[in-house]
Structures are given as C-alpha cells and as structure tokens.
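Q: I am new to this structure, and I would like to learn how to read its strands and helices step by step. Could we begin with the strands and then move on to a pair of helices?

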Amino acid sequence: MSPRYKINFNALILLVVLQGAAVVLFCSWYVHFSPCETEPPRGKVHVLLLSSWRSGSSFLGQVFSQHPSVFYLMEPAWHVWTKLEKPGARLLRMAVRDLMRSVFQCDFSVMDSYLPENYNMSSLFMWTQSRALCSPPACYVTQRGQFSNETQCLKNCDSQGLDKVQAACNTYSHVVLKEVRFFELESLYPLLQDPNLDLRIIHLVRDPRAVMKSREASPKAFLRDSAIVLEQKDIPAAEVSYKVLQEICRSHIRINERAIVKPPPFLKGRYKMVRYEDLARNPLKEVSDIYDFVGLEMSNQMGEWIYKKTHGKGKGTKKEAFQITSRNAADVSQAWRTVLPYSKVKRVQEMCKGAMKLLGYKTVDSEKEQKRLDIDLLVPREPFQFSWIPAKTEQADKI
Ligand SMILES: *[C@@H]1O[C@H](CO)[C@@H](O)[C@H](O)[C@H]1NC(C)=O
Ligand SMILES: *[C@@H]1O[C@H](CO)[C@@H](O)[C@H](O)[C@H]1NC(C)=O
C-alpha cells in the first residue's frame, strides 16, 4: 500500500464522519424548522361557499364549478333538510356537518341514507350545475377545461350509483361545496381542525333589503326551508319573511364575531367574507381575490367567462334572475330601492340593524332617501373593515 493511498483512506474516513455529523445537524435543523408536522396533507383544498338564499351564491358557485381544477357540488345538505319530516335547523346541523366532511373527502357512501333506492348521479340535487359531473371521468360530454352546458349534460350524463361521481371527485385539486344551510361556524370547528382537510370558508353576504325583495318575487319557493329555519314555530304568514331574515342577519353577526373579532387559532386565514354588492360592482377583481384565497389560478378563459356572465345584454330570462347578469350588476343590487315600500324597508332595517352596520350597509331614514339612487348606501370595504374593529386592525388586515 503506498503512503499516498493511506492518506486518502484516512481523509475518506474523516469525510464520512463529517458528512454524518452534517446529516445529523441538518436533520435536527430540518425537524426543528420545517413546517411538515403542522402542514395539512399535500394536495387537496376544501372550500365551503357559505351563503344564504338569494345572495348570489349560484353565480359564485358557477365561478368555482366552471374552473378546470374544481369538483363542485351544490347544496348536498339539501338532501338532509328534505329527508326528515318537519325538522329544525338545529337538529340537522351535525348531520349536515358530517355529510360535508365525507363529501369533501370524496366519500359518497354517506349519501346512501338520504337518496332514494337505486339512486343515480342524477339523484343528486342540482347535479347539472356541477361541470365536473359533465366531464371525464363522470361523463364525456364536456372536455375538461371547457365550459359545461346544462341542457347537454342533463340529456347525456346520468349513470348508475355514485361510483363515477366519486371517481371524478378524486381527480381534482379543489372540492367546493355550496351551502345556504349554516347559521353559525361552531359546528364546523371539527372540520377546520381535521388534519385530513384543508378547509377555507367563503362567506357570501348581501344587503338584507335586497334579499327581502328577491324572496318576495317567489314566496312559495321558501316555505319548507323557512319552516326549518324557524324551527317549525307557529308564526303568522306575513311575519315569516321578516323572522327568517332576522335569523340570517343574526347568523352574520354570530359568524363575524367568531371569524373576525375573536377567531380561534385554527380559523386564522381560513375565512373570507365577500359582499354580493362588491362582487356585482367589480366581479373580476373580487373573483381574483377569492381564487387567490383558495389557491386557484385565474386563467384568461375564466376571466372572459366571468366578464361575459356579468356584462350580458339587457334583462335576463327568468332563470337568469339567479345570476348576476348584464347591466343589472348595478341594477340588481339597487332594485329594492324602487320596488320595496318604505314601510318594509324600515322593518327590515329594524330587524337587521346590527348586521347591516357590521357589513357596511347604510340605512335610509325616509322614502325620499330610499328612492334617491345617487346616494350610495354601500360603505366602501376598506374603511369599513377598519372602523368595525378599530382596536384590532392587524387582524382585519390579515383577512
Ligand atoms: C337509475 O337508473 C336506472 C337505469 O339506469 C333506472 O332503472 C333507475 O330507475 C334510476 N333510478 C332513479 C332513482 O332514478
Ligand atoms: C346548450 O346546448 C343546447 C343543445 O345542444 C343548445 O341549444 C344551447 O344553445 C347551448 N347553450 C349554450 C349556452 O351554449
């Protein structure tokens, strides 16, 4: 053995020892500083679009549904609410929560309790609203990356059982569920803390006076839901709408209290409130912010689609009344001012005073003020976020 070789051999041992030490040091540094232990599992993001009846959630739902990375389902809780005879919202809360947990994880066996015998994909409530159910692998009518057509989907896309629904769900990075049937956040805490979920909540709210006007356009549509919201209490027919609105307004206060004023640590960065009126006035910017919040890309194609949907021509058809269409972006959010009698406006304002202040909707003090459309009743968002919790502006900034 030459001396030279021997030196190299010693050097090699030294190197191995040094490298070992480096690995040990690096590992402890890595374990110490890496976010791995607290990070949710790679991949899926779960989004709850939490809203209320007639608040623009169908449109925002479509903004998710048509996105190529999203598996969207509208109102799975509808099945829970319609299955039992005369239930109350409180009784159904946990069943709805647990159903959502399973569906977020693409486990559709949970639907078995709520669907008719021999159910099919078409047994799911408003299933054609889900672009993913019209695309592979659920169906081959709409290529992924293209926009779906409800008529074509309805005609060509049914299948037996929910196997294909489940298979489709598994292929997307985002699962988005829209619900109008939550009135608080507490029942969702276990989902927010579940290490298998990465839940983000988009809370869509709307001026209660506009909601009142929209509900009055189709009073029969809400009979069953209203009875559930009001816990089947015996309330005079003329009072039902006001009482339901009052419950909705209370829920806005309750949810904001939990999510913004004193959020538990697991809610930080997972809650975003969106006002319908901001969405109507500036759809592209609002949707971009929402996409950012849940980690979705805004493509040119989506941008064009959103523009088209919000800048259509003239008055929409009856069906389109659910969507924010055309010039009505401004019109729709103001329509109540010319249509509702001041007496009703006054009553809604009394019922919803606290919520309106919190959300930045100015009240009117006379019929004259109500009808003067040049008076803007929407408090701009930035200052209003500031003023509503002056002591905690840092928190407000983060949201
Ligand atoms: C599901 O589809 C099958 C045939 O594909 C049909 O016989 C059955 O009635 C459907 N079930 C429901 C609940 O629509
Ligand atoms: C959807 O498809 C139907 C039938 O093929 C067609 O008549 C209709 O124009 C389509 N709608 C849209 C919005 O493309």
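Q: Which residues of S3 lie on one side and which on the other, and are they buried or exposed?
A: In a regular strand, side chains alternate between the two faces of the sheet. In this predicted model, His-174, Val-176 and Lys-178 lie on one side of S3, while Val-175, Leu-177 and Glu-179 lie on the other, and all of them are buried. Because six of the six residues of S3 (residues 174-179) are buried, the strand is largely enclosed by the rest of the structure.

Q: How many residues of strand S5 are buried?
A: Five of the five residues of S5 (residues 271-275) are buried, with Tyr-271, Met-273 and Arg-275 on one side and Lys-272 and Val-274 on the other. Strand S4 (residues 199-205) runs parallel to S5 and is joined to it by five bridges, and Ile-202 has Lys-272 as its bridge partner.

Q: At what angle do the axes of H8 and H15 cross?
A: The axes of H8 (residues 208-216) and H15 (residues 342-351) cross at roughly 125° and come within 9 Å, which means that H8 is oblique to H15. Pro-208, Arg-209, Met-212 and Glu-216 of H8 make the contact with Lys-344, Val-345, Val-348 and Gln-349 of H15; by class, this contact has four nonpolar, one polar and three charged residues.

How values were computed:
Residues are numbered from 1 along each chain as its sequence is written. Chains are lettered from A and ligands numbered from 1 in the order in which they are written. This is a predicted model: local features need pLDDT of at least 70, side-chain atom pairs count only at pLDDT 80 or more; totals for chains, interfaces and linings use all residues. Side-chain values use heavy atoms; hydrogens and water are left out. Axes are lines fitted to C-alpha atoms, for helices over the stretch in contact, and angles run from 0 to 180 degrees between N-to-C directions. Helices (H or I, at least four residues) and strands (E, at least two) are DSSP runs, numbered from the N terminus. Angles under 35 degrees count as roughly parallel, over 145 as roughly antiparallel, 65 to 115 as roughly perpendicular and the rest as oblique. Contact means heavy atoms within 4.5 Å. Ala, Val, Leu, Ile, Met, Phe, Trp, Tyr, Cys and Pro count as nonpolar, Asp, Glu, Lys and Arg as charged, and the others, Gly among them, as polar. Buried means under 20% relative accessible area, exposed over 50%, partly exposed in between (1.4 Å probe, protein chains only). Two strands pair if DSSP finds at least two bridges between them.
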